[in-house]
Amino acid sequence: MSFKRLCIGFALSVFLVYAGLIISLYSFYSSEHLLRILASPRALYAVRLSVVAASVTMLISMLLAIPAAYALSRYQFAGKRLVDTLLELPLFVSPAALGAMILIFFNTAPGVWIQANVQQFIFTVYGVVLAQTIAVLGVAVRLAKAVFDEIPRRYEAVARTLGASRLQAFTSITLPHAYRGLFAAMVLTWAKAVGEFGATVTVAGTIAMRTETLPISIYMRLASADIEGAVSSILILITISLVVLYLSRLLFPGGTYVGG
Amino acid sequence: MLEVKGLSIHAGTFQVKGVSFTVAQGGCHVLLGPTGSGKTLILESIAGLRRIQAGSIWLTGRNISRTVPEKRNMAYLPQDLALFPTMSVRENIGYGLRFKGMGKKERAERIMGLASRLGIVGILERQIHNLSGGEKQRVALARALATGSMMMLLDEPLSSLHCSLRREIWYLLESVRREHKLTFLLVTHDLEEAFFLGETISIMHGGLLLQTGTKKEVFNSPASLEAARIVGVENFFPAFVQQVGENYLRLHSPSLDTFFKVKRCLPGGLFKEGDSVILGIRANSFILTASKDNGKDNRENTVSFMVEGVYEKGTNTTLLLKHARDSNSTAVAELHRNGFMAFPGQKVDLVFPGEEIMVFSAQTG
């Protein structure tokens, strides 16, 4: 077997694994049940909360990630290596551990003060956004940094000799060059946030019609042995994610990619 | 006028140390040296893109060492040209003008004027990735000229072009420089480019400035062995000083078994009898004749070699030669195509004209 065929074989195997998992859902699928769930206020709330929370998380994460990633990509500063290493934290610490760390923080003096005087996070929608943001921020910075790393610094250097300040060079040269990659980073950040469960459930709990995102809804339905309900929620989650990814590819027919 | 005084730059483990040179107003100064000699670091520092550790940079009497790049008023053309790929040719040329507070009409006129001068009017609406190498050079040049900077920093911008196009751009650069009374600082490792465009030249090697002077001084009297190599001297032979005359040196090369009379004016007191030296001569300085060596005469300034290889190079022919008796001594000679005809295996006499021989200390180079 040629190397080319072997690689294509592996690609198809990966596809089959995921396709098999999706197809297996149909063993417990009932269109009646799906329609009933789609019409229920509880499911609609879970969909709305998932989409809104993931979108807010994505906006906050990208607003923080773009300048942070640019700094990591372009400048040398004290502690840069440490910051760069900590970005991997959400990847090697489990989401539940991240959630536990957030809970512990809110039991320290500064955390208690924030809860009392700024905003209540534990067991609230704000907690959902906070947990998702902490879970995806590192990844968002890492993705945005990969985009900036791919753009030659020479462009900004030339722009500056032509009269642009650092900010003008960034906005007029780097950002237009990076927008496809940053858009891809936004989509991936959103997708990771919409499916986030471990940190969210630890911080926001499982309160129906309050902190119930789609992943939490799936967990709650499984816990109460509502398999058909869980399957319907999974299908809704998969459909929303695929529609978003498909629309993003329609916006950029060449394919969204991280790397400028 | 640009003055660089005692410039030191660190880049990782590499260092540029104590570099000083001056570029006259309206002149073209070349930083010549092999890859990795620190030329680009110097250029980037002058453009304000790299921090300097010591020294200062002065532009028309103003210390600009700590000035941000956008306030230095210097146009910079990097090796890859760095044309902005998200913009059209017109937008690229007009990029710098948006920071000059110019009106739309004035900007359009400036872009059109430059495009006409550089012959790129027909490609103004094209995207950068649709341009040929020569078109890219012209667009980059137009973008640099558009801002009205009188100082241009050119970092090997022609290195990716093929020979004939490179020459075409040389003529263009030279005419633009004279027309706009611009000052050029050009970085290159190409000897021909350096001598075509440069009026003064600084030779760089290993982060050090080896020599600076007019191109005639640098070409005819390289200050060291390394400088000689960089300006294209290809033949070096060990020798001893046998006699120091008023306006000449008499050398003996044991490996070539020959005495040489060097008639160049060398700085007084530089060499004394018995000194170990290196004798250098350009490949095109030899006079080549059919061999008359009978193995007995000790002929001054003439050495017999065997032709090892003959390589035609357009108008010139390069000969690879091996000493007739000591096979470790080799030489490269360049002949005009219509001159002496040589063939492999032929025994030839190489005459080392006394005024063409360069002498370097074997200890210090």
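Me: Why does B:Tyr95 count as buried?

Reply: Happy to start there, with the note that this is a predicted model. The relative accessibility of B:Tyr95 is 0%. Buried means under 20%, so B:Tyr95 counts as buried.

Me: And what makes B:Phe99 partly exposed?

Reply: B:Phe99 has a relative accessible area of 23%.

Me: Why is the pair of B:Tyr95 and B:Phe99 called edge-to-face?

Reply: Two values settle it. The ring centres of B:Tyr95 and B:Phe99 are 5.2 Å apart, and rings pair if their centres lie within 6.5 Å. Their planes stand at 75°, and planes over 60 degrees apart count as edge-to-face, so that is the name the pair gets.

Me: How many aromatic pairs does the search find over all chains?

Reply: Over all chains, the search of the whole structure finds 18 aromatic pairs.

Me: Why is the pair of A:Phe148 and A:Phe170 called tilted?

Reply: The centres of the A:Phe148 and A:Phe170 rings lie 6.0 Å apart, with the planes at 50°. Stacked needs planes under 30 degrees apart and edge-to-face needs over 60, with the rest tilted, so this pair is tilted. The pair also links distant parts of the chain: A:Phe148 belongs to helix α8 (residues 125-150) of chain A and A:Phe170 to helix α10 (residues 166-194) of chain A, 22 residues apart.

Me: How do you know whether A:Phe148 is buried or exposed, and what about A:Phe170?

Reply: The cut-off for buried is under 20% relative accessible area. A:Phe148 has 0%, so A:Phe148 is buried. A:Phe170 has 14%, so A:Phe170 is buried. Both rings belong to one aromatic cluster, formed by A:Tyr70, A:Tyr75, A:Phe148 and A:Phe170.

Me: How do you know that B:Arg143 lies over the face of B:Phe84?

Reply: B:Arg143 is at 4.6 Å from the ring centre of B:Phe84, and the distance cut-off is within 6 Å, along with an angle within 35 degrees of the ring normal. The charged end of B:Arg229 likewise sits over the ring of B:Phe236, 5.0 Å from its centre.

Me: What lines the largest cavity?

Reply: A search of the whole structure finds one cavity of 30 Å³ or more, and about 30 Å³ of space lies in the largest cavity. Its lining is B:Leu77, B:Gln137, B:Leu141, B:Leu154, B:Pro157, B:Leu158, B:Ile169 and B:Leu173. By class, that lining has seven nonpolar, one polar and no charged residues. At least two lining residues each come from α4 (133-146) and α5 (163-180) of chain B.

Me: Where are the residues that line the largest pocket, and which are closest to its centre?

Reply: The largest pocket holds about 1000 Å³ of space. Of its 26 lining residues, A:Arg160, A:Arg166, B:Gly48, B:Leu49 and B:Arg50 are the closest to the centre. Elements giving two or more residues are α3 (41-74), α9 (153-161) and α10 of chain A, together with α1 (39-47) of chain B. The largest share, five residues, comes from α9(A). This lining divides into ten nonpolar, five polar and eleven charged residues.

Me: Finally, why does B:Ser329 count as buried?

Reply: B:Ser329 sits in the loop between β17 (316-323) and β18 (330-336) of chain B. Its relative accessibility is 7%, and buried means under 20%, so B:Ser329 counts as buried. Leaving aside neighbours within four places in sequence, B:Ser329 has contacts including B:Ser255, B:Phe305 and B:His323.

Definitions and conventions:
Residues are numbered from 1 along each chain as its sequence is written. Chains are lettered from A and ligands numbered from 1 in the order in which they are written. This is a predicted model: local features need pLDDT of at least 70, side-chain atom pairs count only at pLDDT 80 or more; totals for chains, interfaces and linings use all residues. Side-chain values use heavy atoms; hydrogens and water are left out. On a 1 Å grid over the protein atoms alone, a cavity is a set of points where a 1.4 Å probe fits but cannot get out, and a pocket is an open set with protein on both sides within 12 Å along at least five of seven lines; lining residues have an atom within 4 Å of a point. Grid points are joined across faces, edges and corners, and a volume is the space filled by probe spheres set on the points. Helices (H or I, at least four residues) and strands (E, at least two) are DSSP runs, numbered from the N terminus. Ala, Val, Leu, Ile, Met, Phe, Trp, Tyr, Cys and Pro count as nonpolar, Asp, Glu, Lys and Arg as charged, and the others, Gly among them, as polar. Buried means under 20% relative accessible area, exposed over 50%, partly exposed in between (1.4 Å probe, protein chains only). Contact means heavy atoms within 4.5 Å.
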